Amino acid sequence: MAGQQFQYDDSGNTFFYFLTSFVGLIVIPATYYLWPRDQNAEQLRLKSLRRVHGRCLWYRLRLMKSQQSIVPTLKKAALLFGWVVFLLLAYKVSKLDREYQEYNPYEVLHLDPGATTSEIKKQYHLLSKKFHPDKGGDEAAFMMITKAYAALTNEQTKKNWELYGDPDGPRATNFGIALPAWIVDQKNSMLVLLVYGLAFMVILPVVVGTWWYRSIRYSGDQILINTTQLFMHFMYKTPNMNMKRLAMVLTAAFEFDPRSNKEATIRPTDNIEVPQLIRELGNINVKKKEPPFCYPYSLKARVLVLAHLSRMEISEDLEEDQRFAVRKSPALLQEMVNVGCQLTMMANSRGGFHAPRLVSIENCMKLTQMIVQGLQETKSPLLQLPHFDEEHLRYCVSKKYKVRSLQDLVSLKDSERRSMLRFLVEEKYDEVISVLGSFPHIAMETKLQVLDDEDSNNITAGSIVTVTVTLTRKRMPPCIEPRRLQIPSPDVFRVSLQADASKAKTKVWQNNKKQATKKSKKKKLTKKKAPAAAATVAAAAQANGSVAGGDAVAVPKEDDEEGSDKGSESDEAEANKDSPSERDEESDKQSDTEVDEIAGDDEEEWEALQQSIQRREKALLETKSKVTHPVYSLYYPDEKQEWWWLYIADRRDQALVSMPYHVCTLKDTEEVELKFPAPSKTGNYQYSVILRSDSYLGLDQIKPLKLEVHEAKAVLDNHPQWDIPETEEEDEEQEDSDGIEESEDDDEDND
């Protein structure tokens with residue numbers, strides 16, 4: 001049996017194969033993922049946003065960064081260098097001689113395959129005279145010629161060559177290791193051992209340990225765990241937190257401490273510049289000795305955030321630190337909202353302590369808006385627009401216009417708006433209109449139901465209520481006429497009456513006996529309900545006509561009475577003319593139509609349920625981009641996307657009903673399901689569905705939500721579906737007995 005031999009690559013040829021493959025595995029994926037994307041696309045995107053966002057701080061910083069940044073150039077240079085190395089190695093490999101070649105004695109003797117014995121002997125004599133060592137020839141070449149001659153003339157060697165590819169028979173299998181031999185050379189053993197120890201015992205543990213230490217310090221939202229614990233402590237300690245206290249807790253985060261975050265800095269000039277800002281800002285609780293509010297990093301971050309809200313001018317060094325603090329604040333405030341929700345859930349489930357008040361959580365949301373827009377709480381939302389200053393607000397809040405919000409400004413006529421903003425030149429006025437048209441206008445629709453229940457509209461005590469909120473994002477139109485009063489026509493009342501009648505219909509899965517009794521009652525009451533419905537429609541039409549200005553014609557009372565008497569007499573005459581069989585046929589037709597309508601309603605409900613299930617499954621599997629619409633912000637240093645908070649609250653008790661849902665994917669339309677347990681006591685409850693922006697001031701929406709809670713149904717021990725009629729039981733017993741008798745007859749026949 002052939003043996004096995006392992007040997008290192010003395011010539012280093014196989015090592016080049018390994019090195020080429022290794023470099024290719026690095027260069028090819030790195031080029032796909034790290035090659036800088038087309039800069040022209042980013043430039044075109046910024047150019048399209050210039051008309052609206054040209055004055056924003058983040059836009060100007062992005063332009064400067066794209067012009068001054070050399071990172072894309074360095075990436076391209078590094079990747080091109082890697083490709084040059086890869087191509088050189090590939091060229092080197094292509095020029096290497098193959099170490100293993102199939103042995104062919106005809107090629108050694110320079111003969112064609114199939115040559116005769118005489119030709120082989122003749123060629124051997126010629127080559128042996130030329131390469132014989134005694135005549136000054138090459139000894140190695142002569143040995144190869146002799147071996148080839150023996151392989152073609154000797155039967156045994158020829159058989160070995162044909163079977164094993166070598167005249168000497170089977171040889172040991174050689175396995176080459178793609179490493180040069182100098183690595184295992186005894187002279188280089190210490191150097192190789194040092195490199196291995198440095199790579200696997202120093203560098204690798206340090207890299208893994210650094211990554212692990214950093215990962216355990218941060219939460220999933222890249223917030224320090226210590227910061228989260230700090231927020232939880234103060235929100236538990238102060239359930240009702242005002243805006244001033246909230247700013248102190250926010251700026252006490254460990255993200256602003258240089259000992260916990262290397263991005264935060266403490267400069268020697270802070271001892272001079274920070275006290276100057278404190279004197280300009282006024283009362284910011286500097287003398288408060290409660291840690292960590294009295295620490296230098298917390299005091300500096302608080303001063304910088306408050307200066308940002310006041311739109312104060314500061315030095316360049318402090319401006320860089322201020323941008324860092326402002327960038328971090330929205331994510332930290334979102335973490336405070338999450339902490340408040342966790343404390344609320346713990347208080348509702350365990351009890352024993354007071355949950356944070358609704359005003360504390362809403363202050364976190366409002367402070368996010370203030371930081372993004374760089375405005376104080378008491379300032380007008382109109383200051384979010386360009387070219388608006390404090391002195392210009394007097395034109396807006398005058399008795400003639402009374403414009404205090406963005407919606408008021410939009411609702412004005414164009415002529416009135418231009419007259420009010422007469423302090424702006426035409427170019428600036430057009431820019432204000434463009435910016436105002438880019439602001440979002442959200443249409444919110446709510447649907448209240450109890451999923452996975454037979455009667456989804458019936459809310460019982462303790463049931464899980466689902467509020468489906470459909471959000472549609474549109475641009476705020478630059479001009480909206482005041483809404484006019486729309487008077488519904490009589491057809492609307494007829495449609496509403498038909499809808500009420502369809503809601504009163506029973507379900508298919510209810511008891512058949514109950515359906516029969518209800519059908520009989522409906523037949524008796526049809527003649528009584530018809531005049532009442534007609535009277536209601538007539539009254540509505542009459543009311544509509546009176547409100548609209550008397551366009552509708554009023555019907556005299558005497559004519560109504562005569563018409564009703566005539567109608568009743570004619571009905572009685574027609575009823576007397578009909579035979580009993582005809583009346584039965586008509587009743588059967590009515591019952592069939594009612595059953596068809598009920599079945600149609602059930603099919604619609606089933607289709608709606610299936611569609612909702614499919615939407616939920618699609619939402620779970622689909623990953624939407626969080627890039628929605630860029631926020632117009634004059635003083636925020638980063639490009640911010642429009643995100644929203646959606647939740648249900650009890651404004652009377654100042655408590656959360658459903659946890660806030662952070663809507664981060666509202667580009668055009670988004671459907672959100674808010675779930676909460678219904679109150680344990682029956683009665684009517686008044687909640688509010690609240691939509692808050694995390695970027696704009698004055699665009700929040702509150703929609704009332706009425707909840708009527710009924711008493712839960714008692715669980716039936718003997719459900720009607722298990723009530724089997726006696727006739728069916730007798731039929732089953734008869735079938736069983738017939739089957740037994742048939743089997744006995746078959747056995748007798750077999751016997």
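1. Pro292 sits in the loop between helix 12 (270-281) and helix 13. Helices here are DSSP runs of H or I with at least four residues, strands are runs of E with at least two, and both are numbered from the N terminus. A cis peptide bond joins Pro291 and Pro292, with omega about 0 degrees.

2. A word on the basis of this note. This is a predicted model: local features need pLDDT of at least 70, side-chain atom pairs count only at pLDDT 80 or more, and totals for chains, interfaces and linings use all residues. Residues are numbered from 1 along each chain as its sequence is written, and side-chain values use heavy atoms, leaving out hydrogens and water.

3. Next comes another loop residue. Arg311 lies in the loop between helix 13 and helix 14. Its phi is near 60 degrees, a positive value in a residue other than glycine.

4. Now the helix packing. Two packed helices are described by the angle between their axes and the distance between the axes. Helix 13 (residues 296-309) packs against helix 15 at about 70 degrees, with the axes 8 Å apart. Axes are lines fitted to C-alpha atoms, for helices over the stretch in contact, and angles run from 0 to 180 degrees between N-to-C directions. Helix 13 and helix 15 are therefore roughly perpendicular to each other. (Under 35 degrees counts as roughly parallel, over 145 as roughly antiparallel, 65 to 115 as roughly perpendicular and the rest as oblique.) Val305, His308 and Leu309 of helix 13 meet Leu367, Met370 and Ile371 of helix 15; contact means heavy atoms within 4.5 Å. These residues divide into five nonpolar, one polar and no charged. Ala, Val, Leu, Ile, Met, Phe, Trp, Tyr, Cys and Pro count as nonpolar, Asp, Glu, Lys and Arg as charged, and the others, Gly among them, as polar.

5. Helix 15 (residues 358-373) also meets helix 14 (residues 316-349): their axes come within 9 Å and cross at roughly 170 degrees. The two helices are therefore roughly antiparallel to each other. Among the contact residues are Pro330, Leu333 and Gly340 of helix 14, and Cys364 and Thr368 of helix 15. By class, this contact has 11 nonpolar, four polar and no charged residues.

6. Two strands pair if DSSP finds at least two bridges between them. Strand 3 is joined to strand 5 (residues 464-475) by 10 bridges. Ile442 stands opposite Arg473 in strand 5.

7. Strand 11 has parallel and antiparallel partners. Nine bridges join strand 10 (residues 683-693) to strand 11, and these run antiparallel. Here Tyr687 has Leu705 as its bridge partner. Strand 4 (residues 459-460) runs parallel to strand 11 (residues 701-710), with two bridges. Thr460 stands opposite His710.

8. Last, the aromatic rings. The whole structure holds 15 aromatic pairs. One of them, Trp83 with Phe86, is edge-to-face, at 5.8 Å centre to centre and 90 degrees between the planes. (Rings of Phe, Tyr and Trp, with its six-membered ring, pair if their centres lie within 6.5 Å; planes under 30 degrees apart count as stacked, over 60 as edge-to-face and the rest as tilted.) Both residues lie in helix 4 (residues 71-95), three residues apart, about one turn of the helix.
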